[in-house]
Amino acid sequence: MKLDLSKYVPLGIDSKRAFKHSAVFLGVSAVYSMGFAFSYLHARNSLYMVEHRVRVLIPGAMMPDFASILGGYLMGFAVTAIFMLGLAAYYYIYHYHGGSRSMYTMRRLPDRWDLWRRCLTIPLVTILASALAAFLVMLVYFGIYMLFTPDECISPDQWRKIWDSGLIEYAW
Amino acid sequence: MIEIKDVSKRYGFGKKALSDVDLTLPQGEIVGLFGENGAGKTTLLKCILGLLKYSGSITLDGEPITTKNIARLSFATTEHSFFPELSPKMHREFYKLHFPKFSDRRFNGLMEFFDLPMNKKAQSLSTGQKNQFEVILALSQGADYILMDEPFAGNDVFNREDFYKVLLGILEPTETVILSTHLLEEVENFISRAVLIRAGSIVGDVSMLELQEEGRDLMGYVKETYHYRADRVSRALSDLTDDEE
């Protein structure tokens, strides 16, 4: 069954284009988050020194915490979410544009949810997708951090530190 | 029947736009709603439609107006309420989806009568055509009560005259039109009742039959109710001329 996307945007807005724009925002946010890889590699390389042309761990060297390496690389998702709030407002105001107040028609429809469905679906779906993507990306990066960092260089309680660091609050 | 009881409306902390309005609008009437600019005509129509918050009560056949019965009311406004980016054809599909009693026959007939293009975006129509389209949508929705707020502003007199004729011809006996307009003389022979509103209050409510029986015309009734000073113009002119001298 084909989903009719036009029911989820204000009348007159190209639904496919609107969904594509949201996907682009998410994609750019994901690409931006990949900056983590550079920070991680840089921090990881700092654990080593070269002795007789062999890379060896610096004794007592510790990897910076995952939260500090991740830093603001999830910021793109937060920016996307904020932009989506703006988009919801734009979709609402859109019903007053073009020399007509189509809001009057929308507000007197027997289906009271139609207006809200059209104004909020893309913003809310994108915000949820952003949150989910940010969480998944963080999990993947955390996995990379734990897997590829020498055990002796990782300070304990990394998972707890993510939450303590305020990173999540910072990102959202 | 629409029953309006003790309805008041105030915008912000300003003056009351409506003040304790009581009005009953039975089915099958064509009611003219008259009043000067800012008298409260538009506000009253918007309150009936639930587009504005108000105090008091407005019921439709004893029930409050909610999403359950809102389809029984339609609205044509000079501000326009169509979707600018959509063509009339697309409007028809949208209305059919939301208003089960939408009349395809009436819509197509009126579109043809006014010679409006079916596939052009509504925003690209001329002002007159936009007004016509607005009214066509309101008439085709399948509503029992058709609320019109200055629907012919910007239309030429021939267009308006044609429209009155068509309207009289197509209206079912159960359909009610509440028409807010300044064009007193034009609608005089077309309405069955006149309601006068001034500074947010109903100051006159008369059936055209009553006026006819009393041998009065609508303009006379309005002037009388509004305490119109016939010497107003001559006095102003004389004052102005004196000043210049």
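Modeller: Before we start, two strands pair if DSSP finds at least two bridges between them. Strands are DSSP runs of E with at least two residues, and helices are runs of H or I with at least four, numbered from the N terminus. This is a predicted model, where local features need pLDDT of at least 70, side-chain atom pairs count only at pLDDT 80 or more, and totals for chains, interfaces and linings use all residues. Residues are numbered from 1 along each chain as its sequence is written, chains are lettered from A and ligands numbered from 1 in the order in which they are written, and side-chain values use heavy atoms, leaving out hydrogens and water.

Colleague: Thanks! What is the strand order of the open sheet in chain B?

Modeller: The order is E2-E1-E4-E5, four strands with antiparallel pairing.

Colleague: Why are E2(B) and E5(B) called edge strands?

Modeller: Strand E2 (16-25) and strand E5 (63-64) of chain B each pair on one side only.

Colleague: How many bridges join E1(B) to E4(B)?

Modeller: Five, against the required at least two, so E1 (residues 2-10) and E4 (residues 55-60) of chain B count as paired. B:Lys5 stands opposite B:Ser57 in E4(B).

Colleague: What makes H4(B) mostly covered?

Modeller: Of its 14 residues, 12 are buried (under 20% relative accessible area, with exposed over 50% and partly exposed in between; 1.4 Å probe, protein chains only). Among them are B:Phe133, B:Ile136 and B:Leu139.

Colleague: How do you know that the span of H4(B) agrees with expectation?

Modeller: The expected span is 1.5 Å times one less than the number of residues. For the 14 residues of H4 (residues 127-140) of chain B that gives 20 Å, and the end C-alpha atoms are 20 Å apart, so the two agree.
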